[in-house]
Amino acid sequence: GVPLRDLAAEHGIRIGAAANPYLLERNRHYRAVLGEQYGSLTAENVMKWDTLQPERGVYDFSLADTLVDFAEKHGQDMRGHTLLWHNQNPEWLSEGHFGPDELRSIMHDHIETVVGDHFKGRVYAWDVINEPFRDSGGELRRNLWLRTLGKDYIAEALRTAHAADPDARLYINDFSIEGRNAKSDALYELAKSLLEQGVPLHGIGFQSHLSVGAVPDDMVENMRRFTDLGLEVTVTELDISIDMPASEEELRAQAEDYRTVVRNCLQVSKCTGVTVWGVGDADSWIPSWFPGQGAALPFDQDYAPKPAFGAVQEALSKA
Ligand code: G3I
């Protein structure tokens, strides 16, 4: 069949996957699927702070560069993930007890070094702000950045990233915002107010870590209110988990959910694409975080296509 990446390109969107340099090196099936099917890559882990700046002022781009090199070799575009988050920060940062001036200068140094000096022109979009809201509800998460710098950390990070690479599309990325709810309402208000202040925010990432049967009915309508603000939207971390073991029926239901999410993106004119969070069920984060759940991706444990793959292919073939 025609690779997903080519089908997606016909619609002017990208179909992407989160990638991991260790698997790329070790597993030829993983490597083949990633290179053939996907037109965009996101680093699942290796562009986070603990990997990029393990010691203060000491940067290590070796793993991230493995991915970017693979992407360039395979004609794939690279999404950057992520600049400011509450997880996977190195100990020196998370336990550093820095005051506002010092933390601000640490933030500027990281963004300028990563987005500007190192990846400028090679990463087309950045999740500048990851998961700024609490797990549920409309409150901002009291992460290191908010506690020390106040809520203006968001505008400041976006401005800093924009100065570092004026061509990169800058995103706020979060989960449980796919439908209309208190969290997506709060994000909408935040996005609106940032745009009113002239802050360089270009897009919203809908992570879309979903369970089978639970694609929100109002996902299109919800994405459209953001594009009506002038933003683009992207499905950035799609996976659809099933209680294990997964039955044939559940795999078919999952395929329908994948079809729905891809169609939803195609129905929103400024939806730039869909990225799945991993390649096959063997490399998904789900089983280790949610014991008893899994089978969340379009390829199985051995990187053979599942019904979900066929559904994505069909959704992209006849829109
Ligand atoms: O690097 C260490 C390794 O040295 C150690 O031996 C091993 C033992 O457990 O752990 C390794 O770190 C793991 C890391 O992934 C790299 O594989 C961490 O334990 C594990 O917690 C970490 O999980 C990642 C998770 O983010 C951390 O928050 C997942 O792979 C990754 O898929 C997940 O991705 C996030 C997105 O960035 C943001 N949105 C939610 C999404 C799912 O949680």
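The face of helix α10 turned away from its buried side carries the exposed residues E189 and E196. A residue is called buried if 20 or more other C-beta atoms lie within 10 Å of its own, exposed if 12 or fewer, and partly exposed in between, with C-beta atoms placed from the backbone. The model is a predicted one: local features need pLDDT of at least 70, side-chain atom pairs count only at pLDDT 80 or more, and totals for chains, interfaces and linings use all residues. Residues are numbered from 1 along each chain as its sequence is written. Helices (H or I, at least four residues) and strands (E, at least two) are DSSP runs, numbered from the N terminus.

On the buried side of α10 are K183, S184, L187, Y188, L190 and A191. These residues cover an arc of only 165° around the axis, so they sit on the same side of α10; the arc is that of the directions from the helix axis to the C-beta atoms. The partners of the buried residues of α10 are β5 (169–174), β6 (203–206) and α11 (219–227), against which they pack. The length of the helix can be checked too, since the expected span is 1.5 Å times one less than the number of residues. For the 15 residues of α10 (residues 182–196) this gives 21 Å, and the end C-alpha atoms are 21 Å apart, which agrees. After α10 comes G198, with a positive phi near 75°.

Helix α5 (residues 62–73) can be read in a similar manner. With 12 residues, α5 reaches 16 Å from its first C-alpha to its last, close to the 16 Å expected at 1.5 Å a residue. Its buried residues are A64, L67, V68 and A71. They cover an arc of only 95° around the axis, which puts them on the same side of α5. Turned away from that buried side is a face with the exposed residues S62, D69 and K73. The buried residues of α5 pack against β1 (14–19), α2 (21–26), β2 (40–43), α4 (49–52) and β3 (77–84). G75 follows α5, and its phi is positive, near 65°.

Attention now turns to E237. The UniProt annotation "active site", from an unreviewed entry, covers this residue; such positions are given in the numbering used here, feature names are shortened, and annotations may be inferred rather than shown by experiment. E237 is found in strand β8 (residues 232–243) and counts as buried because 25 other C-beta atoms lie within 10 Å. Leaving aside neighbours within four places in sequence, E237 is in contact (C-beta atoms, placed from the backbone, within 7 Å) with A18, Q207, S208, H209, T275 and W277. E237 also belongs to the residues around the ligand, together with E44, N45, N87, Q88, N130, Q207 and W285; a residue is near a molecule if its C-beta atom, placed from the backbone, lies within 6 Å of it. This shell divides into one nonpolar, five polar and two charged residues. Here Ala, Val, Leu, Ile, Met, Phe, Trp, Tyr, Cys and Pro count as nonpolar, Asp, Glu, Lys and Arg as charged, and the others, Gly among them, as polar.

Some backbone angles also deserve a look. Most residues other than glycine have a negative phi, and most peptide bonds are trans. S208, one of the contacts of E237, has a positive phi near 70° although S208 is not a glycine. S208 is placed in the loop between β6 and β7 and is buried, with 27 other C-beta atoms within 10 Å. H97 likewise has a positive phi, of about 50°, without being a glycine. The place of H97 is in the loop between α6 (91–94) and α7 (100–118), and H97 is exposed, with 9 other C-beta atoms within 10 Å. As for peptide bonds, the one from H81 to T82 is cis, with omega near 5°, and T82 is found in strand β3. Another cis peptide bond joins M244 and P245, with omega about -5°; P245 lies in the loop between β8 and α12 (248–267).

Terms used
Two residues are in contact if their C-beta atoms, placed from the backbone, lie within 7 Å.
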